[in-house]
Amino acid sequence: MVKRMVQRRKRVRKVQKGAYKKFDISPKIAAVAILLIVVYGIAYSARFLGGPSFFADDSVYVNEAFQAAQGKFSEGPFIFSLRLMMIYPMAFFFVLFGVGMASSVLWDIFAFLATAVIVFLLGKELYSSYAGIIASLLLMFFPLVVRLSSTVSDDIVMMFISSFAFLALLYGQKGRSKWWYFLSGALVLASPLVTPEGLVAIIVVAVYLIVEIARRSKWINRRALYLVYGFVFAGLLLMLANYFLAQGHNPLVTLTVTINFYHEVGGQNTIPSTNN
């Protein structure tokens, strides 16, 4: 009974996969389409450049990034100081182009454009190039994404890093280079350094590792261990960045900020949140 159900599912998936391939497009047309989508995204971002807002978290990110660009990043007792994947990349663009409205949103614009490409690659890997193009177009015209794409938004960066982590994990699982596992592990660590919601990425990868162990009834595939290697490498790289950019050269600035933050709110009748 169970065997018949499994065989039936395989036949259905095969038919579905064949249906998607029937409506597929050539690689050249797909490349031109995704290029046009990216060019449109660049044009839109340049035309409707929003810049940082002074009524949200944006001003905090800009201030923290400015301090990091000068090597004076302050490890204050605020949750914003934990969002290093917002602060350090923005500081990088400040060093390259100076402090300004445009340079403050370049990281978000890059994340927006890169996500459009990543969504295409996910659709192509799972179904077909045609499905990838449709998915990329839907993302490009999704109102909330478009609205935040040219502003300082941790949501856009979170979308980019988490989707990239899952794409790298998919590539590794498909039998490509083991370094895709490594990259996925590094990006998984970067996810919660954008917003606390990024912990979901860690949970997903942890579940994957547990399933791998259960399926094989022994230690996981050595290739999958590169997930752990990438995670550790990203942690060491983060500590190195903290040493050079944080005031006092504290490599454990992330841990210090976390302790300080919960110590500050611990005695109050409030629930710690990203708004404190």
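The buried residues of helix α6 are covered by elements that include α2 (27-47), α5 (101-126), α7 (143-148) and α8 (154-173); buried here means under 20% relative accessible area, exposed over 50%, and partly exposed in between, with a 1.4 Å probe and protein chains only. This is a predicted model, in which local features need pLDDT of at least 70 and side-chain atom pairs count only at pLDDT 80 or more, while totals for chains, interfaces and linings use all residues. Residues are numbered from 1 along each chain as its sequence is written, and side-chain values use heavy atoms, with hydrogens and water left out.

**Helix α6**
- Helices are DSSP runs (H or I, at least four residues) numbered from the N terminus, and α6 takes in residues 129-140.
- The buried residues of α6 are S129, A131, G132, I133, S136, L139 and M140.

**Nonpolar surface patch**
- Y40, Y130, I134, L137, L138 and F141 make a nonpolar surface patch of about 580 Å², to which α6 gives the largest share, four residues.
- L138, which lies in helix α6, is exposed, with a relative accessible area of 59%.

**Residue T195**
- T195 is found in the loop between α9 (179-190) and α10 (199-216), and T195 is buried, with a relative accessible area of 6%.
- Leaving aside neighbours within four places in sequence, T195 is in contact (heavy atoms within 4.5 Å) with R83, D154 and M158.

Notes. Helices (H or I, at least four residues) and strands (E, at least two) are DSSP runs, numbered from the N terminus. The expected span of a helix is 1.5 Å times one less than its number of residues. Patches are made of residues with over 30% relative accessible area and no salt bridge: like charges are joined within 9 Å, nonpolar side chains (Val, Leu, Ile, Met, Phe, Trp, Tyr) within 5 Å. Accessible areas come from the Shrake-Rupley method with a 1.4 Å probe; for residues, only the protein chains shown count as cover. A salt bridge is a side-chain nitrogen of Lys or Arg within 4 Å of a carboxyl oxygen of Asp or Glu.
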